[in-house]
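I am opening a notebook on this structure. The entries record what I looked up and what I found.

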There are 2 protein chains.
Amino acid sequence: MTRIAIVGGTGPEGRGLALRLAMAGHEVVIGSRDAGRAAEAASGLLGSPHPGPLPEGEGKEGLAISGAENVRAVSDADVVLLAVPFEGLRPTAESLREALAGRLVVSIVAPVEFADGQMRALSVPEGSAGELTRDLLPESRVAAAFQNMSARDLLRAEHPLEGDVAVTADDESARRETMALAEAMPSLRAVDAGPLSNSRYVEELTALLVNLNRIHKAHSTIRFLGL
Amino acid sequence: MTRIAIVGGTGPEGRGLALRLAMAGHEVVIGSRDAGRAAEAASGLLGSPHPGPLPEGEGKEGLAISGAENVRAVSDADVVLLAVPFEGLRPTAESLREALAGRLVVSIVAPVEFADGQMRALSVPEGSAGELTRDLLPESRVAAAFQNMSARDLLRAEHPLEGDVAVTADDESARRETMALAEAMPSLRAVDAGPLSNSRYVEELTALLVNLNRIHKAHSTIRFLGL
């Protein structure tokens, strides 16, 4: 059991990961600038009806999901996921820098925007959201992962996940610990994708997957064959 | 049977695609600035020993692969693949612009370079090699595909291919015809990946796959799940 805080966790991606990580047996705190909204998101996840049985026969009532203001959420966490929109990454990381010192911090941020009816990857001067996070948090161990997961799939608790989670980090232990988080979710495979300089390709893949979803009216994810 | 010219086809990627397209029953001409080198590449593909049986029991002696100088190679082609390195794309497209007018042209170019021990995607002002090709060849129908395929896998005739070929084109017919070329290779699936603006993500994926191969000592390719 790991204590996981999800900063910016009230959005669909953050709530989806909160649900899946709690289903994997972890203690999850949803963080928000507004403690009330965080608590609301947590109770929404615990109380929402679901159309089928949960994997491993566990009910949502057994899940450990709570909500707290961001600084409070991260203060007891073993791992902190940053689930903010890209434009919020810099101010959020800067404001939490001290609270995040010494912790494993995982960026799930994909810098993308809609333009002309297509999802488009934004150019990031630091290379990627993962590298920006690393640069902003020199006293934390930083990894990047989970960027390609569909919030809709994550939130459908009865729906088995599938695909690969490419995990990047410059710090070997950060990469291993993040891979273990991904592997704890049934049916997902964690893939060691090397240093944070590779995060850019994983983040940008999100734009392609969203565009493929629109073309094929599907919910696509990725698998690396041959590994 | 389609007549396919592969410009810059003497490199490993071009030769690999020449082999696989010929194995799929097409008539392939390898193009080069040097007719002698083109002929040599063609006879090398036809004459090389191979360790196992060819798929569908066909021998290489039955394959239609020849070589010619680039302009001559494309003059009779139904489809032209551009298999040049990225730095050669602009001069090659400009010099062949007239010869390529009215034809289906498929960029297989991935703009990448090695730097600091990692494969790195180059920034392309036009967005991608596919879009640059489109801009340089306004009288051709342009698609982009096959960027992620490993030359080594392509050249091992006894080795079944696997994975998805993401095909982008602004022109619907160009996309459909290119998808048909990919689908003619056994075990590959062509994926409609929309307009050329999506080619960037497919091209950049090449850098990630090469880096994954180095980390895992593997030969990776990609599959889109859920489509």
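Ground rules. I note that this is a predicted model, in which local features need pLDDT of at least 70 and side-chain atom pairs count only at pLDDT 80 or more, while totals for chains, interfaces and linings use all residues. Residues are numbered from 1 along each chain as its sequence is written, chains are lettered from A and ligands numbered from 1 in the order in which they are written, and side-chain values use heavy atoms, with hydrogens and water left out.

Entry: a salt bridge within chain A. I looked at Arg134(A) and Asp170(A), whose closest N and O atoms are 2.7 Å apart in a salt bridge. Arg134(A) sits in helix H5 (residues 129-136) of chain A and Asp170(A) in the loop between strand E9 (163-169) and helix H7 (172-183), so the pair ties together parts that are 36 residues apart in sequence. Helices (H or I, at least four residues) and strands (E, at least two) are DSSP runs, numbered from the N terminus.

Entry: the sheet of chain A. I find an open sheet of eight strands with mixed pairing, in the order E3-E2-E1-E4-E5-E8-E9-E10. Two strands pair if DSSP finds at least two bridges between them. Strand E3 (64-69) and E10 of chain A are the edge strands, each pairing on one side only. On average, neighbouring strands are turned by 25 degrees against each other, direction ignored; the axes are lines fitted to C-alpha atoms, and angles run from 0 to 180 degrees between N-to-C directions. I also checked strand E4 (residues 79-82) and strand E5 (residues 104-107) of chain A, which pair in the parallel sense over four bridges. Val79(A) has Leu104(A) as its bridge partner in E5(A).

Entry: the sheet of chain B. I read the order here as E3-E2-E1-E4-E5-E8-E9-E10, again an open sheet of eight strands with mixed pairing. Its edge strands are E3 (64-69) and E10 (188-192) of chain B. Strand E1 (residues 3-7) and strand E2 (residues 27-32) of chain B pair in the parallel sense over five bridges, and Ile6(B) has Ile30(B) as its bridge partner in E2(B).

Entry: where the chains meet. I count 35 residues of chain A in contact with 36 residues of chain B, contact meaning heavy atoms within 4.5 Å. About 2800 Å² is buried between the chains, with 64% from carbon and sulfur atoms; buried area is the accessible area (1.4 Å probe) that two parts lose on being put together, summed over both. In chain A, Tyr201(A), Leu208(A) and Leu225(A) lose the most area to chain B, together 24% of what that side buries.

Entry: links across the interface. I find two salt bridges between chain A and chain B. Arg200(A) forms a salt bridge with Glu204(B), the closest N and O atoms being 3.2 Å apart. On the side of chain A that touches chain B, strand E7 (118-121), strand E10 (188-192), helix H8 (199-216) and strand E11 (221-225) each supply at least two residues. H8(A) gives the largest share, 12 residues.

Key:
A salt bridge is a side-chain nitrogen of Lys or Arg within 4 Å of a carboxyl oxygen of Asp or Glu.
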